Amino acid sequence: MLGYYRSLSSEVYDMDKTVGHSFGDVEFYIDRLQTVKGKILEPGAGTGRVLIPLLEKGMDVDGFDTSSDMLEICRKNCEKRHLAPTLFEADMESFSVDTEYEAIIIPTGTFLLIHERKASIQALQNFYKHLRHGGKLILDLFLPTEISLGKVSTRSWECKNGDMITLEDKKVEVDYVQQYTISHGRYERWRKGKLIESELERFPLRWYGIEEFKLILKDVGFTDIVISSDYRFGQYPNSPDQLVTFEAAADKK
């Protein structure tokens, strides 16, 4: 193992999605949060790709993740930049803190990792509970545009010490009724042509229809729902390959 990396998947995540790397989301979220004066929460903060740029803009952001490995990397990335946010290990459905947030954000489809519908709705209810009246929920979703069972994709990353990490990913299950897929990933570390470490990962991913998700938000109690596409605020999507952002307010009157 290298440094503070405990898992190959967290090491790859830190290399592939570096702090500040943007898919258009970093700039979009900074813009949508610029009027927020209170505390912000990022569930699924990972290694700090979005959280750290927000902190560097002077925003007061807490973060959590289900992965202790990711949080350890995030803390190290923050320390390098002399930042000390509140970070904790939790899941979206059941986290509980004595803080009322002015905004909760979940960029880039991280919310879809909750592949069971009941659990995902519990998470939305939990976000609502932790928002002040009028507080914003902003999250990204995407639609599946190609589901090829058994098709294998491979990627590789070169580490600073010369090691090579490869990822072989394959979709093994799709449930069109319950709206989720399951993929299996195999990470391998190679050193001087020899395999020295491997790691298996089960990767579930849910999807929602756009109007379906809007109705779910309304049912939870959210109002003033704005749907955007490809980080263009208020522009309703017209293609299934566009990333979709929902912004909604917690109405607690």
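Mentor: Start with the naming: helices (H or I, at least four residues) and strands (E, at least two) are DSSP runs, numbered from the N terminus. Arg189, for one, lies in strand β8. This is a predicted model, where local features need pLDDT of at least 70 and side-chain atom pairs count only at pLDDT 80 or more, while totals for chains, interfaces and linings use all residues. Residues are numbered from 1 along each chain as its sequence is written, and side-chain values use heavy atoms, leaving out hydrogens and water.

Trainee: Why does Arg189 count as buried?
Mentor: Buried means under 20% relative accessible area, exposed over 50%, and partly exposed in between, with a 1.4 Å probe and protein chains only. Arg189 has 1% relative accessibility, so it counts as buried.

Trainee: What makes the link between Arg189 and Asp163 a polar contact?
Mentor: A polar contact is a pair of N or O atoms within 3.5 Å; within protein, one must be able to donate a hydrogen and the other to accept it, and residues adjacent in sequence count only if both atoms are side-chain atoms. The side chains of Arg189 and Asp163 are joined at 3.4 Å. That meets the definition.

Trainee: Which sheet holds them?
Mentor: An open, antiparallel sheet of four strands, in the order β6-β7-β8-β9. β6 and β9 are its edges: each has a single partner strand, so one side of each lacks a neighbour in the sheet.

Trainee: What covers the buried residues of α1?
Mentor: The cover includes α4 (68-80), β6 (152-158), β7 (164-175), β8 (180-191) and β9 (194-206). Contact here means heavy atoms within 4.5 Å. Among the buried residues of helix α1 (residues 8-16) are Leu8 and Val12.

Trainee: What is the strand order of the seven-stranded sheet?
Mentor: The order is β3-β2-β1-β4-β5-β11-β10, in an open sheet with mixed pairing. β3 (87-89) and β10 (222-229) stand at the edges, each with a single partner strand, so one side of each has no neighbour in the sheet.

Trainee: Why is strand β5 described as largely enclosed?
Mentor: Eight of the eleven residues of β5 (residues 131-141) are buried, so the rest of the structure largely encloses this strand. Five bridges join β5 to strand β4 (residues 101-106), and the two run parallel.

Trainee: What makes the β4 to β5 crossover right-handed?
Mentor: The test is this: with the strands pointing away from the viewer, the path from the first strand over the helix to the second runs clockwise. Here the chain goes from β4 through helix α5 (residues 117-130) to β5, and this β-α-β crossover is right-handed.

Trainee: Which way does β11 run against β5?
Mentor: Antiparallel: six bridges join β5 to strand β11 (residues 244-250). Asp140 has Thr245 as its bridge partner in β11.

Methods:
Two strands pair if DSSP finds at least two bridges between them.
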